[in-house]
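Subject: Structure handover

Hello,

Here is the structure for your files. My notes on what was found in it follow below.

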Amino acid sequence: MYFILIVSILKLVCNMEKKGNNDFVVIFDLDYTLWPFWVDTHISPPFHVKTVKESGEKILEDGCGFEIKLYPGVFQILQKAKKDGIKMGTVSRTLEPEYGRQLLRLMDLEEYFISCEFDTGTKPKSMKKIAKLAGIKGGIERCILFDDETRNIRDVEREGGVGVLLDNGLNENEFQKGLELIKAKCK
């Protein structure tokens, strides 16, 4: 009886350690990564909800009538990732951080992220903060950044993180490739 109990506990501990080895954070840039515009130059407040899709995704409109929406499929990617227990955050370098915060709030996207960081410095600094908030012991080395700017990918990789350069916003294919990269690194 004790033997079975000990073996069961050992299996449980091993499974917990394996899960811990795959502990990572997925971090997204905002502009031209989750949505197809720059918050500090292409849109103007006030922002309001224009429509809500059946999926729950919200389309906004700015003060000039510009439609504000995510790239196709992004909302579903975030929903599935959250359901799968993937820890996520955002980092953005913008001169109008409050616009970004408002959009995330109005689109009900804040619930998907551990933290939404806005800074005018380099992205690794913000990523380290998100990793710490997520309880990730490996810091930036256990983070992946999806971004549209080569300099940000280069900065992250120089510090030991994983970067995925996006040409035309986040999509399911690029997201899955990125997950494979970070999971392989964190084994």
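This is a predicted model: local features need pLDDT of at least 70, side-chain atom pairs count only at pLDDT 80 or more; totals for chains, interfaces and linings use all residues.

Residues are numbered from 1 along each chain as its sequence is written, and side-chain values use heavy atoms, with hydrogens and water left out.

Elements are DSSP runs numbered from the N terminus: helices are H or I with at least four residues, strands are E with at least two. Two strands are taken to pair if DSSP finds at least two bridges between them. Axes are lines fitted to C-alpha atoms, for helices over the stretch in contact, and angles run from 0 to 180 degrees between N-to-C directions.

The parallel sheet

Five strands make up an open, parallel sheet, ordered E6-E5-E1-E7-E8. Strand E6 (116-118) and strand E8 (162-165) are at the edges; each has a single partner strand, so one side of each is left without a neighbour in the sheet. On average, neighbouring strands here are turned by 20° against each other, direction ignored. Within the sheet, strand E1 (residues 25-28) pairs with strand E7 (residues 143-147) over four bridges, in the parallel sense. Valine 25 has cysteine 143 in E7 as its bridge partner.

Two helices lie across these strands. Helix H5 (residues 150-158) lies across E7 and E8 and runs at about 165° to E8.

The antiparallel sheet

A three-stranded open sheet has the order E2-E3-E4 with antiparallel pairing. Its edges are E2 and strand E4 (67-68), each with a single partner strand, so one side of each lacks a neighbour in the sheet. E2 and strand E3 (residues 58-61) are joined by four bridges and run antiparallel, with threonine 51 opposite isoleucine 59 in E3. The hairpin of E2 and E3 has five residues between the strands, and glycine 56 there takes a positive phi near 105°.

E3 pairs with E4 over two bridges, also in the antiparallel sense. Here glutamate 61 stands opposite glutamate 67 in E4. The hairpin of E3 and E4 has five residues between the strands, with glycine 65 at a positive phi near 90°.

Phenylalanine 47

This residue is in the loop between E1 and strand E2 (48-52). For accessibility, buried means under 20% relative accessible area, exposed over 50%, and partly exposed in between (1.4 Å probe, protein chains only). Phenylalanine 47, at 10%, counts as buried. Its C-alpha atom is separated by 6.6 Å from that of leucine 60, 13 residues apart along the chain. Not counting residues up to four places away in sequence, phenylalanine 47 touches Glu61, Asp62, Ile68, Tyr99, Gln102, Leu103 and Leu106.

Nonpolar cores

A nonpolar core is a set of buried Ala, Val, Leu, Ile, Met, Phe, Trp, Tyr and Cys residues joined through side-chain atoms within 4.5 Å. The largest has 39 residues, of which Val26 and Phe28 touch the most other members. Elements giving two or more residues to this core are E1, helix H2 (74-83), helix H3 (97-106), E7, E8 and helix H6 (172-185). H2 provides the largest share, five residues. Leaving aside neighbours within four places in sequence, the contacts of phenylalanine 28 include Leu34, Leu78, Met88, Val91, Phe113, Leu145 and Phe175. There is also a second, separate core of 12 residues, with Met127, Ile136, Cys143 and Val156 among them.

Salt bridges

A salt bridge is a side-chain nitrogen of Lys or Arg within 4 Å of a carboxyl oxygen of Asp or Glu. By this rule there are 17 salt bridges. One of them links lysine 53 and glutamate 57, with closest N and O atoms 3.7 Å apart. Lysine 53 is partly exposed at 43% relative accessible area, whereas glutamate 57 is buried at 5%. Arginine 105 and glutamate 98 meet at 3.3 Å, N to O; arginine 105 is partly exposed at 41%, and glutamate 98 is partly exposed at 35%. For glutamate 149 and arginine 151 the closest N and O atoms are 2.7 Å apart. Shared partners also join Asp29, Lys123 and Asp147 into one salt-bridge network.

Regards

Notes. Contact means heavy atoms within 4.5 Å.
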